[in-house]
Amino acid sequence: GRLGRQARPLTHDGLGMLLVPFMPIALIFAQTPLQVILARSYGFIALAGFHVASMPLILKITPPAHRSQFIAIFNMINSIAAIIGPLPASWVYAHWGFTANLLFSAAGRGLGGILFLILLLRGGFRPKRSISDTND
């Protein structure tokens, strides 16, 4: 919608990263199937805001000569995380239960959001200017 057309990729990523940690917390309080559906829908919308903006961000901050390699690395890391992430989560679930699992998930997502915000505020997503760019 309007946000997608007017906002910068960092706005989407920042909003997504700050909203994603609340999805597991919402699931803790869900008591009915409808509440679970609402919590999951909220999580998918928050993740969509992040994922829709990730590719333009990668395109913005990577050097054109190596862009395809950075995109491949980004996709590979996401795939590995999707495979490895459930392993410790299942251990936490087996030993401490579902609520602890959701709290660990929210804490990890929150830490990622905070680190992203710190990097964003420090200007870590500005493309580096090469020497040839400064001579023009």
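Start with the contacts across the whole chain. Among contacts (heavy atoms within 4.5 Å) with a separation of 6 or more, 60% join residues 24 or more positions apart. This is a predicted model, where local features need pLDDT of at least 70 and side-chain atom pairs count only at pLDDT 80 or more, while totals for chains, interfaces and linings use all residues. Residues are numbered from 1 along each chain as its sequence is written, and side-chain values use heavy atoms, with hydrogens and water left out.

**Whole chain.** Switch to a cartoon view. The chain has eight helices and zero strands. Helices (H or I, at least four residues) and strands (E, at least two) are DSSP runs, numbered from the N terminus. Now colour by burial. Of the 136 residues, 25% are buried. Buried means under 20% relative accessible area, exposed means over 50%, and partly exposed lies in between (1.4 Å probe, protein chains only). Then show the surface. Accessible areas come from the Shrake-Rupley method with a 1.4 Å probe; for residues, only the protein chains shown count as cover.

**Stop 1: helix H7.** Select residues 98-121, which form H7. This helix has 24 residues and spans 34 Å from first C-alpha to last, close to the 34 Å expected at 1.5 Å a residue. The expected span is 1.5 Å times one less than the number of residues. Show its buried residues: Ala100, Asn101, Leu102, Ala106, Gly110, Gly113 and Phe116. Step past the helix to glycine 123, where phi is positive, near 80°.

**Stop 2: asparagine 101.** Is asparagine 101 buried or exposed? Asparagine 101 counts as buried because its relative accessibility is 17%. Beyond its neighbours within four places in sequence, it contacts Ala89, Val92 and Tyr93.

**Stop 3: isoleucine 28.** Select helix H3, residues 22-29, to find isoleucine 28. Isoleucine 28 is partly exposed, at 22% relative accessible area. Leaving aside neighbours within four places, it contacts Thr99, Leu102 and Leu103.

**Stop 4: the core.** Select Met17, Phe50, Leu57, Phe116 and Phe125. These five residues make up the largest nonpolar core. Such a core is a set of buried Ala, Val, Leu, Ile, Met, Phe, Trp, Tyr and Cys residues joined through side-chain atoms within 4.5 Å. Zoom in on methionine 17. Not counting residues up to four places away, it touches Phe50, Arg109, Gly112, Gly113 and Phe116.

**Stop 5: the surface patch.** Select Ile73, Met76, Ile77, Ile80, Ile83, Ile84 and Leu87, which form a nonpolar patch of about 680 Å². Helix H5, residues 67-84, gives the largest share, six residues. Finish at isoleucine 84, found in H5. Isoleucine 84 is partly exposed, with a relative accessible area of 46%.

How values were computed:
Patches are made of residues with over 30% relative accessible area and no salt bridge: like charges are joined within 9 Å, nonpolar side chains (Val, Leu, Ile, Met, Phe, Trp, Tyr) within 5 Å. A salt bridge is a side-chain nitrogen of Lys or Arg within 4 Å of a carboxyl oxygen of Asp or Glu.
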